Amino acid sequence: MLIISMAAALAACGGKSPKEADSGAGFKPSLDADSSCRITVAGAYDNFEALEAEFDRFNEIYPNVQLSYVKLDDYNNMLGTVLESNDKPNIFFSYTWMMGNEQYDPVIAHMEELSGSELGLKLDCIRPGLINHDTEGHVFMVPVFARTYGMLVNDDLFKKEGLSVPTTLTELMDVCGKFREKGYTSPMMGYSQDPSSSLMNAIAYPPVAAALEENPDAVPPANNLDPQAGEYMRQALETTKQLIQNGCIDLGECDKIEDNYTQVILRFFEGDVPMMICTGDTVSGTKKRESRSEAFTAAPFAYSFAPIPVTDKGGYFIDSPWWSSL
Amino acid sequence: MKIIWIIIVNILIMTALLTFVVLYSNYSSRTTLLRQVEHFENTTVTMEHVTENYLAGEQRICDVWARYINNNDMTIEEAVSFIRSSHVLPNTSAHIVYHDSLSGLSTRPKPDDPDDHTVSYARTDLLNGVSWFHDDTGKAINITRAYTNPVNGEQSIAFCNDVFLRDPQTGDQRDATLLRVLPLSELEQKWIFPQEELEKAELSLIDEDGDYIIKGHSFKNSSFFEFYRSYNTADPASVQSLFERITSTTGSITMHNSRGEDCILAFTPVAAAGGWTLLCFMPMKDLSVNTENWMLIGFVSAGLLILFLFDLAVMLYFNNRLHVTAMEAAAANRAKTDFLSTMSHDIRTPMNAIIGLTAIAEKNVDDPVSVAEYLRKISMAGNHLLTLINDILDISKVESGKLNLSPLTFSIVETVENLVNLSQPMIKEKNIEFNFRTGRMEREYFYADQLRLNQIYINILSNAIKYTEPGGRVSVDMHEEESQKPGCERLVYKVSDNGIGMSPEFMANMYQPFSRQTDSRVNSIQGTGLGLAITKQMVDLMGGTIECESEQGKGTTFTVILDLPVADRQRDDMVLDPMDVLIVDDDEILLDTAVDTLESLGVTAEHAGSGAEALGMITHRHQAGRDYNVVILDWKMPDLDGIETIRKIRTEAGSNTPILLVSSYDWSDIEDAAKEAGANGFVSKPLFRSKLYDKINTILGTEAKSVEPENDYSDLQGLNILIAEDNDINWEIISAILSMFGITTERAENGRICVDKISQAKEGSYTLIFMDIQMPEMNGLEATRTIRALDDPWASSIPIIAMTADAFSENVTECLNAGMNGHIAKPIDTKLVIKEIRRIKEENS
């Protein structure tokens with residue numbers, strides 16, 4: 001059961017599809033493919049399509065394993081209680097900040113040590129930088145996906161208006177001005193209602209992380225929420241403010257978007273938004289939703305995902321993993 | 001019909017049958033599927049009733065609690081205490097949560113603190129506005145979505161009611177929500193499909209927006225509508241229409257699940273919970289019953305294929321047989337055409353000679369010599385025509401399987417004499433060196449079909465003579481061997497020649513009718529090409545073998561081996577008085593066998609290989625006063641021939657020893673010269689035991705001379721023969737022939753007249769009767785039977801010889817069975833007629 005659970009967690013390793021892996025020389029199911037069990041994965045997401053897609057891929061190899069995803073209410077507070085209940089999941093989302101936090105000690109106590117030889121998991125298929133070790137070198141969590149921040153770009157719209165996708169902040173400002181001149185009220189849009197997943201976060205977080213990366217001395221005060229560390233956020237926040245003040249982003253329009261996933265995508269598919277600020281997991285749901293949009297069905301267009309150019313050097317790509325534990 | 005068309009028609013029929021089976025099977029599958037879908041829908045509706053009853057039941061409990069609380073002005077502690085005391089289910093609990101603070105008390109404590117009954121829904125968006133509450137206590141069902149129980153962390157659902165509590169501090173009324181909380185697992189246990197065939201079906205409960213209230217594991221996303229859109233392609237308008245249908249009616253649709261499999265989704269509104277829909281979801285493959293149908297199709301296909309292949313094999317088999325039969329029929333047709341063509345040619349050729357020579361003879365009637373020559377040639381052509389007709393009749397009987405054997409007791413000696421006599425003219429004409437040797441011949445009489453045996457021997461010998469060029473050599477060897485068949489002796493008849501021989505190609509087909517060796521030297525040879533075919537058939541019929549060795553230009557050897565039954569009658573008392581016999585021949589083999597034969601007769605035999613040697617031996621004996629009693633001398637010997645040797649014996653040796661001159665040839669030409677030289681008698685080869693016995697006795701005067709008079713027919717004078725013959729010409733011919741021998745004849749025009757005449761005749765009026773068979777009024781067979789039945793002993797025993805064109809052996813048998821004494825075939829052979837008359841005459845005397 002445990003092994004199957006881990007196999008489920010690591011099913012995406014290697015980048016090959018199960019069929020490719022199955023037919024290739026490298027991958028062979030380590031367990032009997034007829035193994036039968038139920039595995040519950042608990043998380044905080046309402047809609048975790050990417051994970052459910054992985055469930056289907058996993059079932060191509062182990063068809064008799066019933067995988068289900070459960071969204072827990074008030075995840076961060078309830079996780080410890082849920083893990084103690086009769087309804088505890090087999091796999092659950094975990095976060096690096098849980099490590100060392102006394103509140104989550106009961107949660108940590110439920111985590112399996114994944115690097116143990118008795119499990120035989122091949123963790124070397126994961127980029128070493130993404131594997132989180134505790135102070136004693138134990139591995140209690142593995143990444144299930146990496147969050148990236150950027151913007152969906154309507155390539156056809158840029159082409160139509162004779163503009164190029166910006167790669168620097170100056171170009172971005174310039175492009176936004178030109179779009180406004182052409183009647184686009186908000187050349188950039190995004191979800192704005194929830195601060196933790198708002199467009200501001202998507203714009204500001206990468207440069208803040210970059211600033212901390214460039215100034216390692218700032219990391220400890222930042223982790224300690226020392227006000228001095230707030231200085232490293234200044235440039236990012238001012239850039240965000242500048243984008244709003246210059247009319248690149250019309251917050252009034254953005255506030256009409258009801259959630260940071262489906263509605264973001266459907267709004268982008270209306271076809272009048274040159275750049276939609278979002279995260280990579282939102283982008284993963286675009287393909288399925290093309291048919292849901294009457295506007296996109298009537299007038300499909302080419303689109304792509306690009307970093308937001310928040311400096312004159314360009315934009316930042318953040319490799320921000322999400323974790324799961326057993 | 002060509003085979004390809006038959007195959008095409010078969011394939012079309014098979015295809016039609018298979019199409020029917022497939023269509024019917026599909027129709028049956030569809031019907032079954034529709035029934036199952038209907039059953040699935042009905043089961044979903046049933047599950048909705050079950051669910052509704054369950055939900056209603058749980059809701060009613062919650063309603064009762066709420067009414068009680070509301071009617072009794074309770075504080076939150078009192079309410080919780082009341083509920084705690086009133087429900088006993090271990091897995092359920094109740095929460096009362098103030099609207100304003102979204103916190104309250106639980107009937108069960110937190111797992112990690114038995115004294116802590118507080119509960120908070122502040123961080124759960126479940127109660128952030130309870131617009132979904134139906135303020136109709138006792139009728140509506142207020143149920144939450146599945147959520148995480150904030151007290152114990154279990155995924156749960158809750159049935160809700162508004163309650164009004166008294167604040168213990170202020171005494172004011174505070175609005176709160178009463179939640180009767182049930183673990184989701186509790187509901188899942190009750191949500192199991194009753195039927196085994198639907199065990200893979202999953203249930204979900206959705207609200208009017210498609211969001212899951214309760215979610216089966218195969219249902220993806222957080223909303224069913226999202227799930228549908230994610231894995232099924234459709235335009236937004238039709239999707240919207242579909243969603244409206246799902247949430248408002250009962251029915252089913254097919255859709256893809258997240259794995260792309262075809263699934264069936266049955267849906268029905270939950271009546272008690274406004275806007276909710278129960279969904280039942282299952283892969284189509286678990287509902288379908290196609291397996292059996294494909295097995296049916298597979299079996300039918302295999303059966304049809306086997307049937308087709310079997311039919312094809314049988315058809316090919318019969319087709320091959322038909323082909324072979326058609327080939328044979330075509331060959332037979334060609335053979336018939338060839339036969340007619342050959343017959344036309346072979347009959348017209350002698351007929352041409354007969355008609356042409358007759359015309360010439362008529363114009364030269366004054367020239368007796370020419371007429372005689374023409375008549376001789378006409379006779380030859382006639383004989384050939386007769387042979388041809390006999391052969392044709394024989395081969396037709398052979399081919400129709402009607403050739404039967406008519407066994408009689410006969411003398412092999414007579415058969416061989418006849419054989420030699422018949423072949424003499426050709427031997428003489430072609431000046432062929434002929435030799436007939438007999439080896440061991442213990443038996444003289446056999447019981448077999450003499451006529452057919454004659455035919456076999458004559459055919460082979462005449463072929464040898466025919467296909468040997470003038471001056472060539474033909475030799476016959478005959479001897480007996482022991483037979484494996486009881487009561488039989490094996491007779492080996494071997495004819496060798498140094499004639500033209502046969503090619504291997506011809507030999508492969510030489511027993512086929514009308515096969516004649518084509519050779520510039522033999523094209524002029526007359527023959528029907530039927531002889532070997534008939535011979536082979538007759539040998540086969542008699543259970544014998546015929547073998548042939550031949551080489552072109554060197555000659556041919558035919559060997560016929562027959563196992564013939566030995567007749568009861570044998571000449572066992574053939575022993576001569578002791579005497580010395582000298583036999584002279586240049587053929588050493590003949591000498592050996594002749595010496596053996598002579599010694600078996602009880603004499604002392606010496607032999608000499610030449611005339612000169614014989615002369616020396618005879619002289620020596622004569623001078624010693626011990627003359628040989630008999631000298632048997634071959635005519636044709638090198639250096640000194642038989643006649644010259646006789647002359648020297650008589651003149652130089654002065655011996656008067658009786659001398660028998662032996663020849664394989666017709667000795668009539670040398671008779672005078674031989675007698676003049678001093679020969680005392682003649683004997684023809686082969687030298688059978690009985691023949692030597694008779695001849696030696698004759699020459700020594702110890703037995704009455706048995707040699708028939710050659711040209712003396714005085715014994716026939718005065719005979720009167722009754723001839724029953726309806727045909728005037730035949731009557732004229734036979735009467736004329738007989739009159740030449742001084743025999744008088746009377747005619748009876750049919751069998752009836754013949755019977756009348758013999759009945760009225762005085763005893764001795766007729767010597768015998770020649771009886772035609774096919775006659776009007778009464779045929780010859782019936783007439784014979786009638787005569788044999790007469791009271792007059794003379795009349796009833798008068799010899800009757802059949803004289804008929806019914807010449808087959810079975811006709812002969814038929815005649816003998818009717819009571820006749822002999823059979824002469826038309827056209828008549830004068831010699832044979834005279835021989836038969838003499839035989840009858842002798843028997844009567």
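**Exercise 1. In which loop of chain B is the place of B:D772? Then describe its surroundings.**

Step 1. B:D772 sits in the loop between β26 (768-771) and α19 (780-788) of chain B. Helices (H or I, at least four residues) and strands (E, at least two) are DSSP runs, numbered from the N terminus.

The model is predicted: local features need pLDDT of at least 70, side-chain atom pairs count only at pLDDT 80 or more, and totals for chains, interfaces and linings use all residues. Residues are numbered from 1 along each chain as its sequence is written, chains are lettered from A and ligands numbered from 1 in the order in which they are written, and side-chain values use heavy atoms, with hydrogens and water left out.

Step 2. Check burial. The relative accessible area of B:D772 is 5%, so the residue is buried (under 20% relative accessible area; exposed is over 50%, partly exposed in between; 1.4 Å probe, protein chains only).

Step 3. List contacts (heavy atoms within 4.5 Å). Leaving out residues up to four places away in sequence, B:D772 touches B:A724, B:E725, B:D726, B:G780, B:M803, B:T804 and B:K826. B:E725 is 47 residues away along the chain, yet the two C-alpha atoms are separated by 5.4 Å.

Step 4. Find the polar partner. The side chains of B:D772 and B:K826 make a polar contact at 3.4 Å (a pair of N or O atoms within 3.5 Å; within protein, one must be able to donate a hydrogen and the other to accept it, and residues adjacent in sequence count only if both atoms are side-chain atoms).

**Exercise 2. Which residues have the most contacts inside the largest nonpolar core?**

Step 1. They are B:I412, B:Y457 and B:Y493, in a core of 79 residues (buried Ala, Val, Leu, Ile, Met, Phe, Trp, Tyr and Cys joined through side-chain atoms within 4.5 Å).

Step 2. Helix α7 (residues 368-399) of chain B gives the largest share, eight residues.
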